[in-house]
Amino acid sequence: MKKRIQIITGHYGSGKTEFAVNLALQYADAGVKTALADLDIVNPYFRSTERRSLLEAHGVRVITTSFSGYVDLPAITPEVLTLFDDPSYHGIIDMGGDPEGAHVLGRFEKQLAREDCDVLCVLNANRPETKTVEKAVLYLRGIEQASGLKVTGLVNNTHLCRETGVEDILKGAALARAVSEETGIEVAYHAVERKFAEQVRYQLGEGELLPIDIYMCKPWEFGL
Amino acid sequence: MEKELWKGNEAIAEAAIRAGCKYFFGYPITPQTEVPEYLSLHLPEIGGCFLQAESEVAAINMVYGAGGCGVRVMTSSSSPGISLKQEGITYLCGSEVPCVIINVMRGGPGLGTIQPAQGDYYQATRGGGNGDYRTPVLAPANVQEAADFVRMAFDIADIYRNPVMVLADGMIGQMMEAVEWHDIEKRELPAKPWATTGTQGKREHNVINSLYIQPEPCAEHNEKLEKKYKLIEEKETRYEEIDAEGCEVLFTAYGTTSRVCRAAMKLLADEGIKAGLFRPITVWPFPYAQLKKAAAQNSVKAVVVAELSLGQMIDDVKIALEGSKPISFIGKAGGLVPTPREVADAAKKAIGR
């Protein structure tokens, strides 16, 4: 059972934003009143806010750091409190990468203490810093320490951008299972590019298959 | 070989370690901060030294000191920070101290923006410091090249006793792409008898200095440097041509803009227009003769220069073509990236379609 508020964390470059954008669109398309908060204070580029018009066209409310992320020192707007104060929303929080990015959650300690949230840790087995169980668990624990929250679910989002193959997804599923065994944290999702979804559907093990489309394109990839 | 997913800045940092660089001096600035961040974590693991200096000026002078000791050393920054390093770079060139300098360009002038740009072309290729000096400049167009060029840059620096710059832009630094850590070409590297490693009482002191107060020795020093720069022009000029043979439109672009041009080439192909790309890999030395040759084909009606600036590399294109073909320009400065459609439309306009 997914919680009303889903916080998405992980190592930077693991694909948190792509996952968050897809998750928000799928909730909204299913008729759920959805808000996506871009709380990434780490990355200056490839932010969920850049997909604001698409998200809003699907009915997703987009809450962002001040100045739309185009400053060196993004500030968190009080609008984020909407997620906690208005329970009619399904809230998705796109965190910045690494323990540094997870620090932001400290600001919402009081709200989070009252709320039962999903804290999802995105794993990408092709990222050199999280490719082994040992390294992935180290990052996960670091994020827990910085945010003061316990990770409740793992997300296998293993890809290689345009060079992704089925073997990457299955390698990621195996890593997620192994991290799950090591930590006791369930595998919540496998985010899989739509064209591969049917090929891997029965090989992933526990966790919901979330077919995703690629929205966080590089500037020259749009419309191609 | 296994491919991994790397962020451009991270790959630059890891490449330095793989090139045997154990010393990094720098100062954080978006969009290159992952370079120092990565090295701050990983250099201590190999017994190296990561030092966050009090400023970019201090960092480049620490590079000067470490390079003078003969070790492989790197600094990185983004545009405004690279401006601050210019004095150090001319001293390094004058003293013939090898090092690698990374510039992950952002929009300017001044503090500008943290979004990607290519507005430091003049500074990188002409030099923002004083005097007659040159630095070889390698411009990666993807994360794999960023990883490869940093390793190549260390070799070029050591071979010619000269600083080498890797000129990326914010997009190359921030984006994720697949990288495989294949071997790069193995080059013969000279010993460093000039380095200040201690005399052990067995030789004269080595002196690292750019001060030649008497004009005759200073002129002689300049002649010697000029010979070296000529040799670099002859041996180190690099470029790539993609579908340039028989093309009607020849795009000329480097780094991120070359990627946009490649996407524009596909759009143009759908409309029956054959477009090709000439991509300088070294922007100094610039591949003048090679570009002139590619543009000289009868099929080429126009050369279209694309930049994340309002026109800097276009000067080198003009030098290369010597008026032999019409040149037009598409570019944006200040952090915006032209779309493939905009670039394709500029190409169509250039050939009257």
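How many salt bridges are counted between domain 1 of chain B and domain 2 of chain B? The count is 3 salt bridges, a salt bridge being a side-chain nitrogen of Lys or Arg within 4 Å of a carboxyl oxygen of Asp or Glu.

This is a predicted model, in which local features need pLDDT of at least 70 and side-chain atom pairs count only at pLDDT 80 or more, while totals for chains, interfaces and linings use all residues. Residues are numbered from 1 along each chain as its sequence is written, chains are lettered from A and ligands numbered from 1 in the order in which they are written, and side-chain values use heavy atoms, with hydrogens and water left out.

**The two domains of chain B**

The domain assignment of chain B, whose bounds come from an automatic or database assignment, gives domain 1 (4-236) and domain 2 (239-350). The C-alpha centres of domain 1 of chain B and domain 2 of chain B lie 28 Å apart. Between these domains of chain B, 34 residues of domain 1 are in contact with 27 residues of domain 2, where contact means heavy atoms within 4.5 Å. About 2,400 Å² is buried between domain 1 of chain B and domain 2 of chain B, with carbon and sulfur atoms giving 54%; buried area is the accessible area (1.4 Å probe) that two parts lose on being put together, summed over both. B:Gln118, B:Tyr121 and B:Tyr122 supply 30% of the area that domain 1 of chain B buries against domain 2 of chain B, more than any other three residues.

**Chain A against chain B**

In the interface of the two chains, 27 residues of chain A are in contact with 32 residues of chain B. The area buried between chain A and chain B is about 2,600 Å², and carbon and sulfur atoms give 60% of this area. A:Tyr12, A:Tyr45 and A:Trp220 supply 29% of the area that chain A buries against chain B, more than any other three residues. Between chain A and chain B the count is 4 salt bridges. On the side of chain A that touches chain B, the residues divide into 12 nonpolar, 7 polar and 8 charged, with Ala, Val, Leu, Ile, Met, Phe, Trp, Tyr, Cys and Pro counted as nonpolar, Asp, Glu, Lys and Arg as charged, and the others, Gly among them, as polar.

**Salt bridges within and between chains**

Over all chains, the structure holds 39 salt bridges, including those in the table.

| Side chains | N to O distance |
|---|---|
| B:Arg259 and B:Glu177 | 2.7 Å |
| B:Glu4 and A:Lys131 | 2.4 Å |
| A:Asp213 and A:Arg194 | 3.0 Å |
| B:Arg353 and B:Glu248 | 3.7 Å |

The side chains of A:Lys2 and A:Glu208 also meet in a salt bridge (3.4 Å, N to O). This pair links distant parts of the chain, with A:Lys2 in the segment before strand E1 (5-10) of chain A and A:Glu208 in strand E8 (residues 208-212) of chain A, 206 residues apart; strands (E, at least two residues) and helices (H or I, at least four) are DSSP runs, numbered from the N terminus. A:Lys2 counts as partly exposed at 29% relative accessibility, and A:Glu208 counts as partly exposed at 37%. Here buried means under 20% relative accessible area, exposed over 50%, and partly exposed in between (1.4 Å probe, protein chains only).
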